[in-house]
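Before us is a structure to be read feature by feature, in conversation.

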Amino acid sequence: MTGIDDLPVRDELRGKSPYGAPQLDVPVRLNTNENPYPLPEPLVERIAERVREAARDLNRYPDRDAVELRTQLAKYLTDTSGHEVGLANVWAANGSNEVIQQLLQTFGGPGRTAIGFEPSYSMHGLISRGTGTGWISGPRRDDFTIDVEAATKAITEHRPDVVFITTPNNPTGNAVPRETVLALYEAAQAAKPSMVVVDEAYIEFSHGDSLLPLIEGRPNLVVSRTMSKAFGAAGLRLGYLAAHPAVVDAVQLVRLPYHLSAVTQATALAALEHTDTLLKYVEQLKSERDRLVAELRATGYEVVESDANFVQFGRFEDSHTTWQKILDRGVLVRDNGIPGWLRVSAGTPEENDAFLDAVRELKKEQS
Ligand code: PMP
């Protein structure tokens, strides 16, 4: 039978696996950091209205520059960060994965390298590979914080073209202090200079502030964001970035023409009209996240401090076996392959109760 490796695929893709969080049909799914709340009905109605309007023009290509959408995203960023962001600072694509891909196509590529401090979001490495960018796995401490000295050393040694800093970090949940990001930005500029991508996919769930204001006066700093988490719209596929206008101009060189469909633009605009309501769900999820942290600790688990909508907990002699035992109780969590640890996304209070019941039972079994 013909397999992938019988095809003339690129050498660097041979023997590799695609991104693949299991999509299993279980009662409680807490494995992909989705927002558990369906969009509110008035927003669903508004999406239908906006999409109906857009449908009348579907014989035409969409607005290639997504001007209305980028303007509204800029307004959202300005309102929530207190830092004035304009249309020229913002670019949008199909999920922040596509934003990251466009950044790597622009600033990475064959003969260039990117670094991330692992464990972190695995797609940074996978998209690097997909764009022919060499991947460097930078260090993290055992407690999952970034050691500035060790990270600076890695940057100075490898002189990467792109530096990824995920804050709050996925899968560990902890935020990266502002001073660390600034120190690594300086190190990256001294070494090359290179682009520093601050991946803020989960920033709305953080106890702290966005690092967005840091783009001022730092043209090589990019903040990437998504509507998949805080806006509860993972199915929409809408990610965006904020940076110096020159960065937005640069990604135009690689973006596909009309990459954001008129339906996507209409849907995202409708969601942005309902920002206030959607951010109330974020508050609810933050308090559920804090409850998960407290309850897991009270049950005797170790937990990494979380600024995201998920929690990394442990430790287990064999995390995969524990993952299976939790699944046997109807709850799907995530095994990211980090020995000793598992990750659970904050769900609805009922879903979190089901998860907590399952892990309390496991503790009892062990004692
Ligand atoms: N960055 C991080 C850190 C993530 O965890 C994710 C999603 N899991 C993304 C980016 C991509 O999100 P999306 O493509 O849905 O915007």
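The dialogue below takes up the domains, the core, the ligand shell and some backbone details in turn.

Q: Before anything else, what kind of model is this?
A: This is a predicted model.

Q: How is the chain divided into domains, and how far apart do their C-alpha centres lie?
A: The assignment gives domain 1 as residues 23–39 together with 276–366, and domain 2 as residues 41–273, and the C-alpha centres of the two lie 26 Å apart.

Q: How many residues of each domain are in contact with the other, and which element of domain 1 gives the most to that side?
A: Here 25 residues of domain 1 are in contact with 23 residues of domain 2. Helix 9 (275–298) and strand 10 (310–314) each supply at least two residues of the side of domain 1 that touches domain 2, with helix 9 giving the most, 7 residues. By class, that side of domain 1 has 12 nonpolar, 6 polar and 7 charged residues.

Q: How should I read the largest nonpolar core, and where does it lie?
A: In soluble globular proteins, nonpolar side chains tend to be buried together. In this model the largest nonpolar core holds 91 residues, of which Ala-92, Leu-103, Val-163, Leu-184, Val-196 and Val-222 touch the most other members. Both domain 1 and domain 2 give residues to this core, so it lies between them. Taking Val-222 and leaving aside its neighbours within four places in sequence, we find it in contact with residues including Leu-103, Met-195, Leu-241 and Val-247.

Q: Which residues come nearest to the ligand, and what classes make up the shell?
A: Among the 13 residues around the ligand, those that come nearest are Gly-95, Ser-96, Ala-201, Thr-226 and Ser-228. The shell divides into 3 nonpolar, 9 polar and 1 charged, and helix 3 (residues 95–107) contributes its largest share, 3 residues.

Q: Arg-159 and Arg-237 have positive phi although neither is a glycine; is each of them buried or exposed?
A: Arg-159, with phi about 45°, has 15 C-beta neighbours inside 10 Å and therefore counts as partly exposed. Arg-237, with phi about 65°, sits in the loop between strand 7 (221–226) and strand 8 (239–242), and counts as buried because it has 20 such neighbours inside 10 Å, where 20 or more is the cut-off.

Technical notes
Residues numbered from 1 in each chain as written. Predicted model: local features only at pLDDT ≥ 70, side-chain atom pairs only at ≥ 80, totals over all residues. Near = placed C-beta within 6 Å. Helix = DSSP H or I, 4+ residues; strand = E, 2+ residues; numbered from the N terminus. Nonpolar A, V, L, I, M, F, W, Y, C, P; charged D, E, K, R; others polar. Domains from an automatic or database assignment. Contact = placed C-beta atoms within 7 Å. Core = buried A, V, L, I, M, F, W, Y, C linked by C-beta atoms within 7 Å. Buried ≥ 20, exposed ≤ 12 C-beta atoms within 10 Å, placed from the backbone.
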